[in-house]
Amino acid sequence: MVEPRSSLRHAIPKGVLSYRDTAVCLAAVSLVLILGTLAENIVAAENRTKVTREADLKAAFLYNFAQFVEWPPEAFSKPDAQFVIGVLGVDPFGVSLDQMVGNEMVRNRKIVVRRYRDLREITPCHILYISPSETAQLDQIFQVLRGKSTLTVGESGGVMERECMVRFLLVEDKLRLRINLQAATAARLTISSKLLRQAEVSKTK
Amino acid sequence: MKRATIKRKLISVIMGTSLTVLALTCAVFIGYEYVTFRKALVRGLTLRAEMFAGNSSAALAFYNQADAAAVLSVLSKDPHIVAACLYDNQGRLFAQYPSSTPSETFPPTPGRPGHRFDRGHFILFHPVLEENRFLGTFYLKSDLSAMRERFQLYSLIVLIVVAGSIVVAFGLANRFQKGILEPILTLAKTARSVSECKDYSLRARKLSEDEMGLLTDSFNEMLGQIQQRDASLRRNEGEIRKLNADLERRVQQRTGALEDANRELESFSYSVSHDLRAPLRHIDGFLGLLKKRCAAVLDEKGHHYLNNICGSAKQMGKLIDDLLAFSRMGRSELRASSVELTGLVQASVNDLALETEGRDITWEIGPLPQVAGDPGLLRQVWANLLSNAVKYTRGREKPKIEIGVLPNGNGEHIFFVRDNGAGFDMEYADKLFGVFQRLHRADEFEGTGIGLANVRRIVSRHGGRTWAEGKVGAGAIFYFSLPK
């Protein structure tokens, strides 16, 4: 890189662009182009990893809710009943949720992940993630879940704000939570004050 | 300490004991405090760590670094906490306190759960758990200045207590010792004045009914006994003194009488010998006239008688002369001066030339010292002893006379004259120096028996002694001593 610059310095005082100089200019231009493409690719890759990281984080949060929220005893059919995490609609987590849950236990209950393509498939579950793909049926969904001790989790914004107990939101690129304490209390769920500390508490609108 | 007064000893004992006990108590107290304070510190900090770990579990679970930092920032209320941080479950630094500290100052990975003391710091790792799930590790580092401050305070308290105790102990010891010491001091004072004034009528005052009271009583009783004995001793002494004076008076009386008798005896013997000389001179004179006139008339027997009378008269005259000299010497004054004995002895030997003529006598004269004495009298001593030696070696084949000084005279010069002459029987050694005492017959060895008496008299007047050793036929040694 040092060599071409020193030759340029030699050429300029003469006031004439030689054939060699033209070649050097072309090479420089092409280098800029290549670098530009590379940067674009890096940004795209970063975005992709960001998306996956966000999904991983959400999966981890879902799993963590099991520890910071208390369910009433009647939420479990028998003392050693499984702890069910449900995902309704398009699953954004992929394998990361399964990896996270693995063979872990919470309060001596085995955690299982169940995926529901639509509302009709829903079985009793303790945490239900409502995918943005289900936005259209929210009314029906909440109708079905009414009176059940299910912690509903969704993305923030729009109609979700109404009854979803926990919503994910991004603040300055960081994943944060918004919790509707009233809704959770109505579902006889006790949310740990530690979890509440991490979240923004809202009310049913 | 040995010379210190009882008062000082007593105070030292009291203070030493109390301060030792105090120091021991303080040491035990501080030791106990150190252990319990350390335990309390560990318990307090562990409890705090548990609290913080519990409070930060949700922050770790939901990746809320801001909340974790907020939780940790509460630690700023405790100035002793130097640093604290949270690691996530992967062991990465998640949040730290103080936030301004560079992250390199924290351990790069969390250590094993537990606590330790390290270079004046307390270091603790505590796992962050939620429902038994491991979420991360809490790290806490606290300085021990709280402990240090506490012990500085304790040291100050101990110092104040000890100083106060010294003052109080000294005051109390000073007060208490009076009760013990006063009887002792009173007794000691009495004893001292008794021994100084020799006044056995003094009595110690009894101040208590304890052992000291007993001692005082015994002391007083002893004093009483001493007083009694002293009185009887004084009485006896007076009597003895009276007896002594009486005795002395009587001795003086007797000595005076004796001196008078002696003087009378001397003047008597002087006048007798003096008065005896006149008739003797008449006898001698008329004997000469008789001899001249009647020489032809007398037969041989008559001549023999006449000669016998003549000899006896001469012998008597010599006896009288010697007696006169002896009695004169008793009265004459001693004229003391320094006497050079070597020359004196030599002169005495020379004086004997007439008697030693024709005899082969071996003289052995050793070195002789200078002495203090009357030269005329000392010369008489030597003349007597030497003429004796010459006389009694007569008839010996090889007569030998030795004169000298014994090497180890104890405070006096001991002179000797040794001969190998006739000698004498040791049984009569005491009589040798008496007046008119003779161990040999006059026809064997002539003499008046005055010579050795004179020697003894002169030597004793010089403060010396005389004695002799001998054996019949084997010679004699005569000794006399003079003080140095």
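A residue is called buried when its relative accessible area is under 20%, and exposed when that value is over 50%, with partly exposed in between. The legends below use these words for a predicted model.

**Figure 1. Phe125(B) and Tyr139(B) form a tilted aromatic pair.** Phe125(B) and Tyr139(B) are both buried. The pair is described by two values, a distance of 5.1 Å from centre to centre and an angle of 40 degrees between the planes. Phe125(B) belongs to strand E4 of chain B and Tyr139(B) to strand E5, which covers residues 133-143. The two residues are 14 places apart, and the pair links distant parts of the chain.

**Figure 2. Phe76(A) and Phe83(A) make another ring pair, one of 24 aromatic pairs over all chains.** The ring centres of Phe76(A) and Phe83(A) are 6.4 Å apart and the planes meet at 35 degrees, so the pair counts as tilted.

**Figure 3. Ring pairs join residues of chains A and B into a cluster.** From chain A, the cluster takes in Phe61(A), Phe65(A), Phe68(A), Phe93(A), Tyr129(A) and Phe168(A). From chain B come Phe62(B) and Tyr63(B).

**Figure 4. Glu54(A) and Lys58(A) form a salt bridge within one helix.** Side chains of opposite charge can pair when their charged atoms come close. Here the closest N and O atoms are 3.0 Å apart. Both residues lie in helix H2 of chain A, which runs over residues 19-68. Glu54(A) and Lys58(A) are four residues apart, or about one turn of the helix. Glu54(A) is partly exposed because its relative accessible area is 25%, whereas Lys58(A) is buried at 9%.

**Figure 5. A salt bridge between Glu130(B) and Lys194(A) crosses from one chain to the other.** The distance from N to O is 3.0 Å. Glu130(B) lies in strand E4 of chain B, residues 121-130, and Lys194(A) in helix H6 of chain A, residues 193-198. Glu130(B) has 10% relative accessibility and so counts as buried. Lys194(A) is partly exposed because its value is 21%.

Figure 6. Arg234(B) is exposed because its relative accessibility is 53%. Elsewhere, salt bridges that share partners join Glu54(A), Lys58(A) and Glu155(A) into one network. The count of salt bridges over all chains is 27.

**Figure 7. Five residues of chain B form a nonpolar patch on the surface.** The members are Leu153(B), Leu156(B), Ile157(B), Ile160(B) and Val161(B). Together they have about 440 Å² of accessible area. Ile157(B) is located in helix H4 of chain B, residues 145-197. At 42% relative accessibility, Ile157(B) counts as partly exposed. A patch residue needs over 30% relative accessible area.

**Figure 8. Phe445(B) is buried in a loop of chain B.** The loop runs between strand E10 (412-419) and helix H10 (451-461). Phe445(B) counts as buried because its relative accessibility is 8%. When neighbours within four places in sequence are left aside, its contacts are Lys391(B), Tyr392(B), Arg394(B), Ala422(B), Arg438(B) and His440(B). Asn388(B) is 57 residues away along the chain, and its C-alpha atom is 9.7 Å from that of Phe445(B).

Figure 9. A search of the whole structure finds zero disulfides over all chains.

**Figure 10. Chain A contains six helices and 10 strands.** Of its 205 residues, 40% are buried. Among contacts in chain A with a separation of 6 or more, 56% are between residues 24 or more positions apart. The accessible surface of chain A is about 12300 Å², and carbon and sulfur atoms account for 59% of this area.

How values were computed:
Residues numbered from 1 in each chain as written. Chains lettered and ligands numbered in written order. Predicted model: local features only at pLDDT ≥ 70, side-chain atom pairs only at ≥ 80, totals over all residues. Heavy atoms only, no water. Patch = residues over 30% accessible without salt bridge, like charges linked within 9 Å, V, L, I, M, F, W, Y side chains within 5 Å. Areas by Shrake-Rupley, 256 points an atom, 1.4 Å probe, with all protein chains shown as cover. Salt bridge = Lys/Arg side-chain N within 4 Å of Asp/Glu carboxyl O. Buried < 20%, exposed > 50% of the residue type's maximum accessible area, 1.4 Å probe, protein only. Disulfide = S-S within 2.5 Å. Contact = heavy atoms within 4.5 Å. Phe/Tyr/Trp six-rings, centres within 6.5 Å; stacked < 30°, edge-to-face > 60°.
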